[in-house]
Amino acid sequence: MNNDQLAKKSIQVRLDVLTSAHKVGFGAVGSTMSVVEILVALYYAEIGGRKVVQIDAAKPGCADRDYVILSKGQAALAQYAILADLGFFDKSELDHYAQANALLSSRPTGKIPGIVGGCVSYGYGLSVACGLAMSLKADRKSNRVYVVVVDEELQKGQIWEAAQTAAHYNLDNLVLFVDKDKMQVDGAVKGVMDVDCVQAKFEAFGWKVMKVVDGHDFDQILQAVVKSYTISRRPICILCETVAGRGIGFAERKAGYHDVALSAGEMSEVIPKLSHLI
Amino acid sequence: MIKAVSDSLVELARNYSALTVFNADFSKEWGLTRFAEYYGEKLYTLGLSEGNIASVVSGFALRGKMPFVFLPVEKCYEQIRNSICVPNLNVKIVGIGGLGLGEEGVGRQSLEDVALMRALPNMKVYCPCDYDEAMECMKLAAAEYGPCYIRLAFVEGKVGGGVGVEVLKKGSDVCVFVMGGMVGEVLKAAELSEKSVKVVKVSVLKPIDSAAILECAGDLKCFSVEDHSVIGGLGDAVMGCGLIVKKLGMEGFGESGKARDLRRKFGLHAEGIAERLA
């Protein structure tokens, strides 16, 4: 899939997320928009003719599968839209997101096809990923574990407990994406509890850190992933500068859109614009 | 009783290739050096990061491993709940409960652990009363799928007969339900008491065998004795079977001191219990 196709996939994911969230009147669209390109790159992009993340809806438990842990669970809708597109479940399930008796819960759980384990709350996904990566090493498997956290999760102590575990056990099969969208429920991350110097912190913990200046640029994201293949005996952090609300002009960098669904009026403004880009 | 841990693990590892052992910083306390001699590659030490440990083991369980993990459960409740019990993973938690760690003081005495673990859906709770039972509980845990908590205590010699609800002493005036480390004291109390005391040991607190409990109780006045909070522990589990029970146990926090002195102070020694069986 070339960059143009990846960009179109991203637009489609945005449309699906906005539509589903609007239908049920629940979602975290501002927060979800920032991570779309990271997830699309993981699930659709190819490097050297091989998908970045090896998963197959027809063989979900196959031995050579890779793992994606979305610790940033509030962005689950984006992952669900992708998994539906990849054939793990019917796309109509998105219409019942986070509703009673529905397949798709607000945050990912292990009951959902394509999801391993799940992250029903923030802050522990990196530890789960460490466990997966350690057990893969114990079995001498080369499968990779990708985990996505959002910058406000770095406020939580467990992330750093996991960071030292990953370095202690030389988990070079673990790639952590930090979606640095700089926004959380109460406003700018900087104002709530600053998590600056992320690169220096992870480096001090013994990680290899790669900075992606534009976390919405597929070339940059994939370049970092390619580089991650060459790192040995160290866990890898790909630090992506992203924009909260990316793709919805009026919602970009606005805390007010962090954890809401769009209104009918807002939808009528943004949907035609996005649809036009496909 | 604690020695049952290392003895059973070495035995179990022979039969269960998926068995993996996790420890914070207490290999000596748990006697894991023997396990390490035989199965060093299956023993992971993760330092004092209990929350992280509870999530890391879930990563192992997601790949089909069977982690046995030594944790004080109150230090990592959220992680046990969200990363182990919500996805219903095959993780076995082993802890030391009660006043046994006397001189270590209030911070290390688990006196609410059973209440916390009983409340979690999918979690089973075992409170063995001697070495043989602890061995049996470890085997049961390995044989049954799903998360469980095994609460151990410092008990020498043999007191019980086997895992389950068991009448240890017959009596016709009152019926005392007891668990884990308190069995010895209650048997002594039964001798001291002027009443004819029936002593019933309960080693599986969840799922509790209601029929057996009701049969043992008959028409007798019922008591429960536990080195645990009177809220949420054995007493409440027995009351859940439909009995009215006078609960003897901890009504506040513990403190530093020799375990036998603390039992005396909190009225959980044989004389204190006998006095209260009125």
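How close do the axes of helix 5 of chain A and helix 6 of chain A come, and at roughly what angle do they cross? They come within 8 Å and cross at roughly 20°. The structure is a predicted model, in which local features need pLDDT of at least 70, side-chain atom pairs count only at pLDDT 80 or more, and totals for chains, interfaces and linings use all residues. Residues are numbered from 1 along each chain as its sequence is written, and chains are lettered from A and ligands numbered from 1 in the order in which they are written.

**Figure 1. Helix 5 and helix 6 of chain A.** The view shows helix 5 (125-138) and helix 6 (157-168) of chain A; helices (H or I, at least four residues) and strands (E, at least two) are DSSP runs, numbered from the N terminus. Axes are lines fitted to C-alpha atoms, for helices over the stretch in contact, and angles run from 0 to 180 degrees between N-to-C directions. With axes that cross at roughly 20°, helix 5 of chain A is roughly parallel to helix 6 of chain A (angles under 35 degrees count as roughly parallel, over 145 as roughly antiparallel, 65 to 115 as roughly perpendicular and the rest as oblique). The crossing of these two helices is left-handed; a crossing is left-handed if the near helix is turned anticlockwise from the far one by less than a right angle, and right-handed if clockwise. Leu126(A), Ser127(A) and Cys130(A) of helix 5 of chain A meet Gln158(A), Ile159(A), Ala162(A), Thr165(A) and Ala166(A) of helix 6 of chain A, where two residues are in contact if their C-beta atoms, placed from the backbone, lie within 7 Å. By class, this contact has five nonpolar, three polar and no charged residues (Ala, Val, Leu, Ile, Met, Phe, Trp, Tyr, Cys and Pro count as nonpolar, Asp, Glu, Lys and Arg as charged, and the others, Gly among them, as polar).

**Figure 2. The contact between chain A and chain B.** Chain A brings 19 residues to the contact and chain B brings 18 residues. On the side of chain A that touches chain B, helix 5 and helix 6 of chain A each supply at least two residues, and the largest share, seven residues, comes from helix 5 of chain A. The residues of this side of chain A divide into eight nonpolar, ten polar and one charged.

**Figure 3. Helix 5 of chain A against helix 3 of chain B.** The axes of helix 5 of chain A and helix 3 (residues 50-62) of chain B come within 6 Å and cross at roughly 45°. The two helices are therefore oblique to each other, and their crossing is right-handed. Residues that make the contact include Cys130(A), Gly131(A) and Leu132(A) of helix 5 of chain A, and Val56(B), Gly59(B) and Phe60(B) of helix 3 of chain B. By class, the contact has eight nonpolar, seven polar and no charged residues.

**Figure 4. Helix 1 and helix 4 of chain A.** The axes of helix 1 (residues 3-24) of chain A and helix 4 of chain A come within 9 Å and cross at roughly 120°. Helix 1 of chain A passes helix 4 of chain A in a right-handed crossing. Val13(A), Asp16(A), Val17(A), Ser20(A) and Ala21(A) of helix 1 of chain A make the contact with Leu77(A), Ala78(A), Ala81(A) and Ile82(A) of helix 4 of chain A. This contact has seven nonpolar, one polar and one charged residues.

**Figure 5. The two domains of chain B.** Chain B is divided into domain 1 (3-152) and domain 2 (165-276), with bounds that come from an automatic or database domain assignment. The domain centres, taken over C-alpha atoms, are separated by 25 Å. In the contact, 24 residues of domain 1 of chain B touch 27 residues of domain 2 of chain B. Helix 5 (113-118) and strand 5 (124-126) of chain B each supply at least two residues of the side of domain 1 that touches domain 2. That side of domain 1 of chain B has twelve nonpolar, six polar and six charged residues.

Figure 6. Val94(B) is placed in strand 4 (residues 92-96) of chain B. With 26 other C-beta atoms within 10 Å, Val94(B) is buried (a residue is buried if 20 or more other C-beta atoms lie within 10 Å of its own, exposed if 12 or fewer, and partly exposed in between; C-beta atoms are placed from the backbone). Leaving aside neighbours within four places in sequence, Val94(B) is in contact with Val5(B), Phe68(B), Phe70(B), Ile150(B) and Leu152(B).

Figure 7. Asn101(A), in the loop between helix 4 (76-85) and helix 5 of chain A, has a positive phi of about 65° although it is not a glycine. Asn101(A) counts as exposed, with 5 C-beta neighbours inside 10 Å. Asn122(B), in the loop between helix 5 and strand 5 of chain B, has a positive phi of about 80° and is partly exposed. The peptide bond from Lys206(B) to Pro207(B) is cis, with omega near 0°; Pro207(B) lies in the loop between strand 10 (204-206) and helix 8 (210-217) of chain B.
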